[in-house]
Amino acid sequence: MTGHISDADAYRDDRAHVFHSWSAQRALDPVVVTGGLGSTFWDAAGTRYLDFSSQLVNLNLGHQHPRVVAAIQEQAALLCTVAPSFANPARSEAARLIAEVAPGDLSHVFFTNGGTEANEHAVKMARLTTGRHKILAAYRSYHGATTGSITLTGDPRRWANEPAMPGVVRFFGPYPYRSSFHADSPEQETQRALQHLEEVFMFEGPGTIAAVVLETVVGTNGILVPPPGYLAGVRELCDRHGALLICDEVMSGFGRCGEWFAVDRWGVVPDLITFAKGVNSGYVPLGGVVLGDKVYDTFAERPFPGGLTYSGHPLACAAAVATIEVMRDERIPERVKDLGERVVAPRLEKLRDRHPSVGEVRGLGLFWAIELVRDRDTREMLVPYNASGAAAKPMADVVAACKARGVWPFTHFNRLHVVPPLVVTEEELLQGIDAIDDALDAADAHVA
Ligand code: PLP
């Protein structure tokens with residue numbers, strides 16, 4: 001039994017009444033998840049999965065962390081909700097803790113319910129601060145599903161949502177393995193990607209550009225780690241042209257990259273950071289924008305024209321306070337950095353050597369991609385861009401092989417991402433990578 005109905009009824013009612021995200025409804029066959037602990041969850045039949053996707057790369061502290069569960073319970077017993085206009089201890093403390101771990105002068109927090117609303121509000125803040133309207137956003141990005149954020153998004157999820165928000169202009173970011181700039185080294189990739197962005201500024205009119213928005217480390221679209229000098233170069237371009245820099249750290253923030261925020265790795269301070277997911281491991285929906293003095297001052301005397309009924313919801317904020325305290329006490333960012341360098345990197349490199357279907361492995365912290373190809377020389381993708389149905393079969397085979405070995409994988413197009421909870425034990429990490437190693441035989445079978 002789960003809650004008030006049987007597991008069989010949960011399945012039946014889901015199929016009858018739950019309308020799912022991003023899916024053709026009739027084809028769905030969802031697993032009924034009945035429990036989870038740490039990095040493992042299980043279904044109604046008792047089948048256990050090691051969660052190598054952290055659900056949607058949000059479950060940073062794993063399932064049912066006792067300190068986070070207790071914080072939510074205590075807050076629920078005290079005060080479940082209060083309007084955003086009031087001050088509330090959970091909200092105040094969450095904001096202070098986020099400000100303490102954020103870089104530079106980023107010390108004010110506007111709370112939202114998730115990542116997409118954070119990006120919507122960051123864009124609004126940038127436009128009103130600069131008095132300009134254009135936003136430069138990258139191809140190979142995901143920023144959320146509401147009108148503005150889906151327009152910022154540089155992947156096929158945008159296509160069916162167009163036309164949407166006016167004023168978004170797209171550029172290519174760095175991706176050395178599939179360089180849009182025909183670069184043959186990371187240094188050249190940085191230099192050419194910056195030159196390209198500079199040209200976009202020039203042709204769009206620098207005086208019209210309110211902000212550049214990018215994922216510090218691109219998440220779903222490939223775990224694209226910026227090559228040395230790129231982020232600093234974008235910061236400099238923004239400063240030179242009077243545009244703001246918005247770093248979307250919804251996926252990359254809160255320890256995922258082995259830092260509190262991924263920008264810390266490169267010492268770059270954006271004007272705005274958007275966050276969600278890992279801020280409280282997704283136990284209760286929460287996101288937000290961290291802003292520095294420049295944006296804050298714009299709204300110091302003049303009202304900010306935005307708000308949400310649940311901005312800074314006490315249950316979500318209590319979960320954030322507990323999450324950040326656990327991360328501090330257990331030194332989670334340091335742990336993640338160490339695991340990434342000492343365990344994941346060498347293991348994935350070995351796996352690349354063993355499997356002809358592996359074109360590249362890349363990442364940092366507990367944020368890694370295994371890029372699968374049909375041919376290592378031509379780098380032809382194992383499945384075509386945005387493939388579905390029969391064309392996507394090779395990836396479906398890999399997913400099925402992972403699940404058969406008890407690992408729940410995260411895949412996107414021709415990539416398998418290694419994104420377990422940040423509390424994953426070393427033993428689980430090795431066990432999961434070994435299962436992926438076996439499962440990749442299914443991809444090798446499709447190599448030309
Ligand atoms: N930005 C990034 C980088 C994301 O990965 C996501 C979600 O995956 C979002 C924004 C949207 O967040 P949400 O689904 O909480 O609205």
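Colleague: How far apart do the C-alpha centres of domain 1 and domain 2 lie?

Modeller: In this predicted model, the C-alpha centres of domain 1 and domain 2 lie 25 Å apart. The protein chain is divided so that domain 1 takes in 31–64 + 331–444, while domain 2 covers 67–329.

Colleague: And how many residues does the contact take from domain 1 and from domain 2?

Modeller: The contact takes 29 residues from domain 1 and 27 residues from domain 2. On the side of domain 1 that touches domain 2, the elements giving two or more residues are α2 (54–57), α11 (332–354), β11 (358–364), β12 (367–375) and β16 (415–418). Sorted by class, that side of domain 1 has twelve nonpolar, eleven polar and six charged residues.

Colleague: Switching to the ligand, how many residues surround it, and which are the closest?

Modeller: The ligand is surrounded by 16 residues, and the closest of them are Gly114, Gly115, Thr116, Gly144 and Val250.

Colleague: Which helix gives the largest share of that shell?

Modeller: That is helix α5 (residues 115–130), from which three residues of the shell around the ligand come. As for the classes, the shell divides into five nonpolar, nine polar and two charged residues.

Colleague: New topic: what about helix α8, how many residues has it and what span does it reach?

Modeller: Helix α8, at residues 230–241, has twelve residues and reaches 17 Å from its first C-alpha to its last, which is close to the 16 Å expected at 1.5 Å a residue. Just after α8 comes Gly242, which takes a positive phi of about 70 degrees.

Colleague: Which residues of α8 are buried, and what covers them?

Modeller: The buried residues of α8 are Tyr230, Leu231, Gly233, Val234, Arg235, Leu237 and Cys238, and what covers them includes α7 (186–204), β7 (209–215) and β8 (244–248).

Colleague: Staying with β7, why does Ala210 count as buried?

Modeller: Ala210, which has its place in strand β7, counts as buried because it has 24 C-beta neighbours inside 10 Å, and the cut-off for a buried residue is 20 or more.

Colleague: Leaving aside its neighbours within four places in sequence, which residues is Ala210 in contact with?

Modeller: With those sequence neighbours left aside, Ala210 is in contact with Ala126, Arg127, Thr130, Arg132, His133, Lys134, Ile135, Ala243 and Leu244.

Colleague: And what separates the C-alpha atoms of Ala210 and Ala95?

Modeller: The C-alpha atoms of Ala210 and Ala95 are separated by 26 Å, and these two residues are 115 residues apart along the chain.

Definitions and conventions
Residues numbered from 1 in each chain as written. Predicted model: local features only at pLDDT ≥ 70, side-chain atom pairs only at ≥ 80, totals over all residues. Helix = DSSP H or I, 4+ residues; strand = E, 2+ residues; numbered from the N terminus. Expected span 1.5 Å × (residues − 1). Buried ≥ 20, exposed ≤ 12 C-beta atoms within 10 Å, placed from the backbone. Contact = placed C-beta atoms within 7 Å. Near = placed C-beta within 6 Å. Nonpolar A, V, L, I, M, F, W, Y, C, P; charged D, E, K, R; others polar. Domains from an automatic or database assignment.
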